[in-house]
Amino acid sequence: MSLSSKEIDNLKPDLITMSPPCQPFTRQGLKQDCEDVRTQPLLHILQVISDLEYKPYYIFLENVKGFETSRAKEKLVSTLQSCGYKFKEFLLTPTQFGIPNSRLRYYLLAKFRFGTSCVNMTQELTTSLRCEIKKEDMLFFKNSGLDSEIDSSNTAEGVVCRGGNTTDDEKTPLSFYLENKPDLYFQDYLLPDKVLLKFPMILDIVDRRSLQSCCFTKGYGHYVQGTGSVIHAVSHDKFIEVYKTVSLLNKEHPQTVELLKQLKLRYFTPREVANLLHFPSMFSFPSHLKKKQLYQILGNSINVYVVCELLKLLLQ
């Protein structure tokens, strides 16, 4: 809120990236939109951009699904158009890139004075990256090695990511992202008895072979429903057997906890969540942060890979 157009003009930035507070637009929030005080910094920055003498060449914004239908987005688009920007909007999730984790997010790429771009800068909300790459630019991707990441190609070792909807054969299993530690290490991440007793039927449970997991939110590890997946450590047959037995018991039956403990249900560790968000291996957390704080930080974060691919397209 304290930034002025004069300060930004002195910097002459080529690129402005934005990730405004998402609470005014989330499905679980009050959806107060522009009336929410947390939207004021975005509205202020839009005014600053309008007043700039030296407009940045590129603008990149990220937010939650729901922002695309907000009045704040309308103000954003109106500002960009009046300032001479051409833009493209996306709703993308990492599963489209072969990453086994859902995180549907809104992205906007804007370029000043139209110019050239590898992306068709039409004003239609797009849900796939692959179809938006111009045919004349595919030669660039082939020559640069990006073709194997953005378009279909042979699966190689490691994480294979693409910009369209991938088939199961093209996706990477969760095992690639998990920490290789002894069982004792994961003791602190086992689900507590009270969760096993009260919420056995609303848990989203995956295993090492799974090609999907739910979006991790800042409430992961604290709240149960809709905050992210948990993982079991037994065979599929054993998992089915235990849950069939549990489903026949009365709600909060004392035997439920002992049965579910056989599955070794645990939370994903903060490092594993960071892996799924494609933070590099050299990335580390400050040592003084507690587990709850780590989950909160990661829950408010972005998928690094998806953002990188969008930035490549915007800046080429």
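This is a predicted model: local features need pLDDT of at least 70, side-chain atom pairs count only at pLDDT 80 or more; totals for chains, interfaces and linings use all residues.
Colleague: Thanks. Where does Gln47 sit?

Modeller: Gln47 is in helix α2. Helices (H or I, at least four residues) and strands (E, at least two) are DSSP runs, numbered from the N terminus. Gln47 and Leu76 are 29 residues apart in sequence, and their C-alpha atoms are 9.7 Å apart in space.

Colleague: And how do α2 and α3 pack, in angle and axis distance?

Modeller: Helix α2, residues 40-51, and helix α3, residues 71-83, pack at about 5°, with 10 Å between their axes. Axes are lines fitted to C-alpha atoms, for helices over the stretch in contact, and angles run from 0 to 180 degrees between N-to-C directions. The two helices, α2 and α3, are therefore roughly parallel to each other. For that wording, angles under 35 degrees count as roughly parallel, over 145 as roughly antiparallel, 65 to 115 as roughly perpendicular and the rest as oblique.

Colleague: Which residues make the contact?

Modeller: From α2 they are Leu42, Leu43, Leu46, Ile49 and Ser50, and from α3 Ala72, Lys75, Leu76, Thr79 and Cys83. Contact means heavy atoms within 4.5 Å. By class, the contact of α2 with α3 has 7 nonpolar, 2 polar and 1 charged residues. Ala, Val, Leu, Ile, Met, Phe, Trp, Tyr, Cys and Pro count as nonpolar, Asp, Glu, Lys and Arg as charged, and the others, Gly among them, as polar.

Colleague: Staying with α3, which of its residues are buried?

Modeller: The buried residues of α3 are Ala72, Lys73, Leu76, Val77, Thr79, Leu80 and Cys83. Seen down the axis of α3, they fall within an arc of 160°, so they line one face of the helix. The arc is that of the directions from the helix axis to the C-beta atoms.

Colleague: What covers the buried residues of α3?

Modeller: The cover includes α2 along with the strands β2 (58-64), β3 (85-92) and β4 (105-112). Just after α3, Gly84 takes a positive phi of about 95°.

Colleague: What about the loop between α7 and α8?

Modeller: Glu252 lies there. Glu252 also has a positive phi, about 60°, although it is not a glycine, and at 40% relative accessible area Glu252 is partly exposed.

Colleague: New topic: what span should helix α7 have?

Modeller: Helix α7 covers residues 236-247, and its 12 residues should span 16 Å at 1.5 Å a residue; the end C-alpha atoms are 16 Å apart, which agrees. The expected span is 1.5 Å times one less than the number of residues.

Colleague: Which residues of α7 are buried, and what do they pack against?

Modeller: Phe239, Val242, Tyr243 and Val246 are buried in α7. The buried residues of α7 fall within an arc of 95° seen down the axis, so they line one face of the helix. They pack against β6 and α8 (255-261). The face of α7 turned away from the buried side carries the exposed residues Asp237 and Lys244.

Colleague: Last stop, Ile202: what does it touch?

Modeller: Not counting residues up to four places away in sequence, Ile202 touches Val224 and Gln225. Ile202 is in the loop between α6 (193-198) and β6. Ile202 and Gln225 are 23 residues apart along the chain, with 6.4 Å between their C-alpha atoms.

Colleague: And overall, how many helices and strands are there?

Modeller: The protein has 11 helices and 8 strands, and 48% of its 316 residues count as buried.

Key
Residues are numbered from 1 along each chain as its sequence is written. Side-chain values use heavy atoms; hydrogens and water are left out. Buried means under 20% relative accessible area, exposed over 50%, partly exposed in between (1.4 Å probe, protein chains only).
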